[in-house]
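Hi,

Here is the structure I promised to pass on to you. Have a look at it first, and below you will find my notes on what turned up.

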Amino acid sequence: MNYGNFSSDGKEYIITRPDTPTPWINYLSNSNYCAMISNTGGGYSFHVDPRDRRILRYRYNNVPMDRPGRYLYIRDNHTSEYWSPTWQPVLKNLDEYKCRHGLGYTIIESLYQGIKAKITYFVPLDNDLEVWIFTLKNTITKQKEISVFSYAEFCLWRALGDQNDLQYIQNVALTSFANNTIYYSLFDRSTRYAFFSSSHQINSYDCDREAFIGPYHSESNPIRVEKGKCSNSQALGGNPVAVTCTDVILDPEEEKIIIYVLGVIDEKNNSKGLIQKYTDQKEVKLELQKLSTSWDAYLDAFKINTPDKNFNLVLNVWNPYQCRTTFDWSRYVSFYETGIGRGMGFRDSSQDAMAIGYVYPKRVRQRLLDLAQNQFEEGKVYHVFFPLSGKGTFPEYANKERLFFSDDHLWMILAVSDYLKETGDMSILDENVKFVEGSDGSLYDHLKRAIEFTKNNLGNHKLPLIGTADWNDTMSLPGPNNASESVWVGMQFHKALLSLVEIAEKYDHSNDAISYRKIAHSMKEHINSTTWDGDWYIRAFTDNGEPIGSKICDEGKIFLNTQTWAIISEIAPKDRAYHCMDEVRKFLNTEYGLLLFDPPYTKFNPELGGITTFPPSLKENASIFCHTNPWAVIAECMLGRGDLAFEYWEKIAPTTKNMMSKIHYTEPYIYSQMITGRDHPKFGMAKNSWLTGTAAWSLKAATEWILGIRPTFDALIVDPCIPKAWEKFQIIRWFRGALYNIEVDNSKSLSKGVKELRVDSKIVEDQLVPIYNDNKTHHVNVLLG
């Protein structure tokens, strides 16, 4: 079933019916103020941190679903009939409905009883607020007298207390009306103010939810909308809301615009200038244009034109759009993550930073330094940190005797390496950054300590101890010996060592480079001699030393990650590399993507722990864990098999799900974390959309490996690995102060192999594109042959 389509320019997804299988959402954010909004107006807002500065309330896993939100009600004062132009929460069958999720804005349009309504929601670039532009038009020949009600339900700032400490939190709010504005704070003034105002005269209002909704009513049928007027309630304690009522008369064909502003401020009197600005139609139009220009500049830094329309759509618009969102909020807050306990993941944020450095180098630089201050002197790192304080912690489930995640600290090396190659900014390595204990050291020293920590925490098989877990958070492998080991982290360790060798050589630390190269060689030899199972690499060793991901296992025989990373990390010899990826295709390939492993575990096993807590084919128990699929794309590109690489990319690409939304469920414009595997009755159903490492790795796999445009310390590599059917394609890429217009000729129908490379009509012998940094456009012509 089809619930919508992309606009002609691809920059909007247009939802044409409101009853989507799950709420299909958008993030409206300037990286400080964030408003999550669904296609029916559901969702909430927060400032900087969704845990401690949540502005609007949202009820997760609720019936009815997706409430509350940013609601408007229209009441016909002649008939007393009312409806919501967003469909929710009244659920009236609208004559027309359309939601357009765009870049930093959402527009919901509808028609009912001759009233055409359009709401444009957006967050401006420079202020901590959101704007709702409500346009009303009377399309019939009879005058309409209506009342427009707004509804926004405040959270009591601290989201956790708002949900679990009701005896306290229900008695601390202070909400009042003054100067056509509703103000909300805590009574003790320990938090900021939230404010809600309108461009039109507010005829009546309510600050207390119960006064507006009424007993045994809901958002679907508020008693004050039924009566046609608010009660002018204040709120001392209770559940604060911003409800306004404005009376409107519309002559035939007349159109009127009401602008609402919701935001946060330090002091009440700071709201006056903001309200004045953002209730002015001309000013709001300018801010919308600034927003559009900003997103255009972001997307213009990397643009492609290939023979595949889906590939173009994903890479030109929606994948980089999602990457900006994951960089901002990691895995902290979504319609699946409550934004209360998880925080920003260290490994997640490291990987997210690897996807946007070509556009936001300064932001990535700062993020890398912020991450480094969550490292301990011994080299391990906190698993999560919180954006308001920057302070880190470990989750409650962490193994207290092995209080580390074996992969977290190594991602920092890979992220810094990516940043250095993108920017050439070696000065970041000299930056002094504190450790958790309070001492400090250069960023380069932090990277070295990450290596030392892994080197000092090897197990009985001389592989990295798994600690609490590795990349797979459920790969806990508990036991009394705390001796479980991760083969995959051994591969990641090898990759991090090779990266640090490059950094050390470029940083004139040749002795370090020699040392790390020796460690890398030893780890490579060891993994190949102890973990090759005849047809593939095993995944891990349990606390008792038993292999996981081996032929001898009845369940969990073959795992995807140790096959793909055997190639990505440059561990596998050529023959094993091809063979293990052939086994991946034989055992893990499905119509919707590659399984995390197979067969799934069919019962809980205390020796394996978390990975067996899920039913078969859900989450980490043999689902299609989308994050891992781009690694297979990269591996196949490294092997030169462009058709296979593109097939794997295409299987999880969101745009390919548009015609199967009843199966896929989540948004067909955004990657999801997982897709249920083939042993589940709902095979193909996706979950946990938006905040997933799939976004960053899909972008890297597509741009750096399929298209083959990869930065190095001293040049730009152009080495595509594409479907043989592609005759040609074009890329425009910003890199270190210059714009590169790259055209690739594949008239010989190959997947890989650059025969000739010209830059500005001159042949480049080493086939590396030079760095110009001259703010000019350079033309690169590539011939495959």
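Strand E15 and strand E16 (residues 193-198) pair in the antiparallel sense, with 4 bridges between them. Please keep in mind throughout that this is a predicted model. Within that pairing, Tyr-183 has Phe-195 of E16 as its bridge partner. The two strands make a hairpin with 6 residues between them, and in it Arg-189 takes a positive phi near 60 degrees.

On its other pairing, E15 is joined to strand E14 (residues 173-178) by 6 bridges, and these two also run antiparallel. Here Leu-174 stands opposite Ser-185 of E15. E14 and E15 form a hairpin as well, this one with 2 residues between the strands, and Asn-179 in the turn has a positive phi of about 55 degrees.

How many of the residues of E15 (residues 181-186) are buried? The count is 6 of 6. In a regular strand, side chains alternate between the two faces of the sheet. For E15, Thr-181, Tyr-183 and Ser-185 lie on one side and Ile-182, Tyr-184 and Leu-186 on the other, and both faces are covered.

Now for the sheet as a whole. E14, E15 and E16 belong to an open sheet of 11 strands, in the order E1-E2-E9-E10-E11-E12-E20-E16-E15-E14-E18, with antiparallel pairing. Its edges are strand E1 (4-6) and strand E18 (235-236), each of which pairs on one side only. Towards the E1 end of that order, strand E2 (residues 13-15) and strand E9 (residues 96-101) pair antiparallel over 3 bridges. Ile-15 has Cys-99 of E9 as its bridge partner.

Is Leu-299 buried or exposed? With a relative accessible area of 5%, Leu-299 is buried. Beyond its neighbours up to four places away in sequence, Leu-299 touches Lys-11, Leu-103, Asn-316, Val-317 and Pro-320. Of these, Val-317 is 18 residues away from Leu-299 in sequence, and their C-alpha atoms are 6.7 Å apart.

Next, the nonpolar cores. The largest has 241 residues, and Phe-134, Leu-136, Phe-311, Leu-429 and Trp-649 touch the most other members. Helix H12 (residues 487-506) gives the most to this core, with 11 residues. Another core lies apart from it and has 13 residues, among them Ile-213, Val-225, Cys-230 and Val-243. As for Phe-134, its contacts beyond four places in sequence include Leu-72, Ile-74, Pro-85, Val-148 and Tyr-260.

There is a helix pair to show you too. Helix H7 (residues 309-329) and helix H9 (residues 361-372) pack at an angle of about 30 degrees, and their axes are 12 Å apart. Their crossing is left-handed. Arg-324, Phe-327 and Asp-328 make the contact from H7, and Arg-363, Val-364 and Arg-367 from H9. By type, these residues divide into 2 nonpolar, no polar and 4 charged.

A second open sheet has 3 strands in the order E37-E38-E43, again with antiparallel pairing. Strand E37 (709-711) and strand E43 (768-769) each have a single partner strand, so one side of each is left without a neighbour in the sheet. Strand E38 (residues 716-718) pairs with E43 over 2 bridges, and Leu-716 stands opposite Val-769 there.

- Val-63 and Pro-64 are joined by a cis peptide bond, with omega about 0 degrees; Pro-64 lies in the loop between strand E6 (54-56) and strand E7 (71-76).
- Arg-67 and Pro-68 are also joined by a cis peptide bond, with omega about -10 degrees, and Pro-68 is found in the loop between E6 and E7.
- Tyr-216 is not a glycine, yet has a positive phi of about 60 degrees. Tyr-216 sits in the loop between helix H3 (209-213) and helix H4 (223-227) and counts as exposed at 86% relative accessibility.
- Gln-767, not a glycine either, has a positive phi of about 60 degrees. Its place is in the loop between strand E42 (762-763) and E43, and at 26% relative accessibility Gln-767 counts as partly exposed.

Best wishes

Conventions:
Residues numbered from 1 in each chain as written. Predicted model: local features only at pLDDT ≥ 70, side-chain atom pairs only at ≥ 80, totals over all residues. Heavy atoms only, no water. Axes fitted to C-alpha atoms, helices over the stretch in contact; angles between N-to-C directions. Left-handed = near helix turned anticlockwise from the far one by under 90°. Contact = heavy atoms within 4.5 Å. Nonpolar A, V, L, I, M, F, W, Y, C, P; charged D, E, K, R; others polar. Pairing = 2+ DSSP bridges. Core = buried A, V, L, I, M, F, W, Y, C linked by side-chain atoms within 4.5 Å. Buried < 20%, exposed > 50% of the residue type's maximum accessible area, 1.4 Å probe, protein only.
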